[in-house]
Amino acid sequence: MNILAPSMLSLDFRHMEEDLLAAYNAGARQIHVDVMDGNFVPNISFGPPVIKYVRKVLPDVTMDMHLMVTEPGRYMDKWKACGADIVTFHIEAVMDPVQMVRSIHENGMRAGVAIKPATPVSAIEEIITEVDMILIMSVEPGFGGQSFMPVALDKIRETVLLLEEYGLKTDIEVDGGINLKNVDEILEAGANVIVTGSAIFDSDITSNVLNFRKHLEG
Ligand code: DX5
Ligand code: ZN
């Protein structure tokens, strides 16, 4: 199943509730929440005091947390308390990915693993049978509004082949620079969870979500 996950990094925080509701009411059932600590990436976004309101505004949405932080395992109780459903960590940020996945699962959440554009797909093979989602970054993490890096297409195809080898049907999420013009080739390459920030929130949210859904739902 294809899933649209608008990234709240790009919404206008003067009216966060209104923007989240517009995306949800147009049919977005997953919200991508980018947490940045100014250390793992050269930017700072928001943390639990803001994120907890996403769950209050949208009780039924799937909350998809993308942790761009150093030592992501330190805050597991916080992500849980915020209402996270999926916690995705960067393979580059942890010493012990097996333990990280275990800890996410022990806290009752789904586990995702992310790789930066320069990190090979082989880096996640060690935990491929354990994770619920694989996130292929198609920009350098840290900022919205960047251009899609085509290297991600090859990495999606490689991930599909690796999952086939293991007989798995794990979700493949892609994040960064996705718009209505390039989304089809990303889906064709084999991704099924589409993150998009500026292409949803920088203009008419309702029509943007409806247009993306046409591509995702066929
Ligand atoms: C970048 C974030 C992305 C970002 C995507 O580090 O992980 O989720 O919000 O924004 P766009 O779709 O504008 O590239
Ligand atoms: Zn993200």
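1. Basis. The model is predicted, so local features need pLDDT of at least 70 and side-chain atom pairs count only at pLDDT 80 or more, while totals for chains, interfaces and linings use all residues. Residues are numbered from 1 along each chain as its sequence is written, chains are lettered from A and ligands numbered from 1 in the order in which they are written, and side-chain values use heavy atoms, with hydrogens and water left out.

2. The sheet. Eight strands form an open, parallel sheet in the order E1-E8-E7-E6-E5-E4-E3-E2. Strands (E, at least two residues) and helices (H or I, at least four) are DSSP runs, numbered from the N terminus; two strands pair if DSSP finds at least two bridges between them. E1 and E2 are the edge strands, each pairing on one side only. On average, neighbouring strands are turned by 25 degrees against each other, direction ignored.

3. Helix H5 on the sheet. Helix H5 (residues 151-165) packs on the sheet and touches strands E5 (110-115), E6 (133-137) and E7 (171-175); contact means heavy atoms within 4.5 Å. The direction of H5 makes about 160 degrees with that of E6. Axes are lines fitted to C-alpha atoms, for helices over the stretch in contact, and angles run from 0 to 180 degrees between N-to-C directions.

4. Four bridges join E1 to strand E8 (residues 193-196) in the parallel sense. Ala5 stands opposite Val195 in E8.

5. Seven of the seven residues of E2 are buried, so the strand is largely enclosed by the rest of the structure. Buried means under 20% relative accessible area, exposed over 50%, and partly exposed in between (1.4 Å probe, protein chains only). In a regular strand the side chains alternate between the two faces of the sheet. Gln30, His32, Asp34 and Met36 are buried on one side of E2, and Ile31, Val33 and Val35 on the other. E2 pairs with strand E3 (residues 62-68) in the parallel sense over seven bridges, and His32 stands opposite Asp64 in E3. Together, E2, H2 and E3 make a right-handed β-α-β unit: with the strands pointing away from the viewer, the path from the first strand over the helix to the second runs clockwise.

6. Helix H1. Met16, Asp19, Leu20, Ala23 and Tyr24 are buried in H1 (residues 16-25). Seen down the helix axis, these residues fall within an arc of 135 degrees, so they line one face; the arc is that of the directions from the axis to the C-beta atoms. Glu18 and Asn25, on the other side, are exposed. The buried residues pack against E1 (3-6), E2 (30-36), H2 (48-57), H7 (198-201) and H8 (205-217). Just after H1, Gly27 takes a positive phi of about 115 degrees.

7. Aromatic pairs. The whole structure holds two such pairs. Rings of Phe, Tyr and Trp (its six-membered ring) pair if their centres lie within 6.5 Å; planes under 30 degrees apart count as stacked, over 60 as edge-to-face and the rest as tilted. Phe13 and Phe46 have ring centres 5.6 Å apart and planes at 50 degrees, so the pair is tilted. This pair links distant parts of the chain, 33 residues apart: Phe13 lies in the loop between E1 and H1, and Phe46 in the loop between E2 and H2. Phe13 is partly exposed at 40% relative accessible area, whereas Phe46 is buried at 11%. The rings of Tyr75 and Trp79, with centres 6.0 Å apart and planes at 70 degrees, form an edge-to-face pair. Here Tyr75 is partly exposed at 28% and Trp79 buried at 3%.
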